[in-house]
Amino acid sequence: MKTQSSATAPPAIAVTASRTTGLGTLQAALGVVTFSLTFPATVWGLEGFGPWSLVAVRGVLAALIAGGCLLALRVPVPERRHRAGLAVVAAGVVVGFPLFTTLALQTSTTSHAAVIVGLLPLTTALLSALRVGTRPSRAFWAAALAGAAAVLAFTVQQSGSTLTSADLFLFAALLVCGAAYTEGGRLARMMPGWQVIGWALVFCLPIGVPAAALALAHEPVRLTAHSVAGLLWTAAGSQFLGLVVWYRGMAAIGIPKASQLQLAQPLLTLVWSVLLLGEHLTPAAPLTAAAVLVCIAVTQRARG
């Protein structure tokens, strides 16, 4: 009986691992779709809010949602050893990325801002190798570099190959977001992913509330359907729900593989910019999309 049981165990384990990987990939992909709407939603939000007001209010709203969930489920405060990592997550995805991209989108189009997302998967994979010690295969790195190059070539061509002052904000957002993704993916292996972003948001409330009050007092507010919808999406979708499934996906399939799913994010953002903002795409879009899908497939099948 013991021999038969041991013989049947490996297939069962393999099926469980396969399901976990499949679910993790689906969750990470859902996060990418959610994030792809962030830039168009931010442009909508800027129609009625100043940049500082939009960033501060979206953070406060997301923190209230997260805090309500944590309180309802009576989740204990994170251990002291996790708080430094949560601070990195908070600085990156709660404060840094929203602030820098919002400031950039005042003078940049969504297609130009998508350049940052084209570099984010490679940046996250590199930071993961340095911070967590992941060692993807050469095939992974080759596909990741090819995918990044394809996305960059397309998005730069879309933006007219011009550099603006907003690029400094975009590159700063790239670095802080890559660090936050890496640290959040590491923490999501020790605590539920939704708690990682939940506590990061709550920890920012003491700064976010007075910042929101100050910004609203100095920047004009003009409530419209677009501005309210943009604010609500960036708060509930981009700032909380998207990061919940994203961190769960990273914990399941690993930071490098999850990060490469974001190669599709700039292309999705450009699609949303056409549908929601009336921007125009070139015929190169479907060719770039096909190239990116091939690169994603290679990174997901690569060993390591």
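## Ser53 and its neighbours

Leaving out residues up to four places away in sequence, Ser53 touches Ala215, Leu216 and Glu219, where a contact means heavy atoms within 4.5 Å. Ser53 sits in helix α3; helices (H or I, at least four residues) and strands (E, at least two) are DSSP runs, numbered from the N terminus. The side chain of Ser53 reaches the backbone oxygen of Ala215 at 3.2 Å.

Ser53 counts as buried because its relative accessibility is 0%. Buried means under 20% relative accessible area, exposed over 50%, and partly exposed in between (1.4 Å probe, protein chains only).

## Basis of the model

This is a predicted model, in which local features need pLDDT of at least 70 and side-chain atom pairs count only at pLDDT 80 or more, while totals for chains, interfaces and linings use all residues. Residues are numbered from 1 along each chain as its sequence is written, and side-chain values use heavy atoms, with hydrogens and water left out.

## The chain as a whole

The protein chain has 13 helices and 0 strands. Of its 304 residues, 51% are buried. Among contacts with a separation of 6 or more, 91% are between residues 24 or more positions apart.

The protein chain exposes about 13900 Å², and carbon and sulfur atoms supply 71% of that area. Accessible areas come from the Shrake-Rupley method with a 1.4 Å probe; for residues, only the protein chains shown count as cover.

## Helices α4 and α8

Two packed helices are described by the angle between their axes and the distance between the axes. The axes of α4 and helix α8 (residues 193-203) come within 9 Å and cross at roughly 80°. Axes here are lines fitted to C-alpha atoms, for helices over the stretch in contact, and angles run from 0 to 180 degrees between N-to-C directions. The two helices α4 and α8 are therefore roughly perpendicular to each other, a term for angles of 65 to 115 degrees.

On the α4 side, Leu86, Val89, Ala90, Val93 and Val94 meet Val196, Ile197, Trp199, Ala200, Leu201 and Phe203 of α8. The residues of this contact divide into 11 nonpolar, no polar and no charged. Ala, Val, Leu, Ile, Met, Phe, Trp, Tyr, Cys and Pro count as nonpolar, Asp, Glu, Lys and Arg as charged, and the others, Gly among them, as polar.

## Arg74 in a loop

Arg74 lies in the loop between α3 (51-72) and α4 (80-104). Phi of Arg74 is near 50°, a positive value in a residue other than glycine. With a relative accessible area of 75%, Arg74 is exposed.

Conventions
Angles under 35 degrees count as roughly parallel, over 145 as roughly antiparallel, 65 to 115 as roughly perpendicular and the rest as oblique. A polar contact is a pair of N or O atoms within 3.5 Å; within protein, one must be able to donate a hydrogen and the other to accept it, and residues adjacent in sequence count only if both atoms are side-chain atoms.
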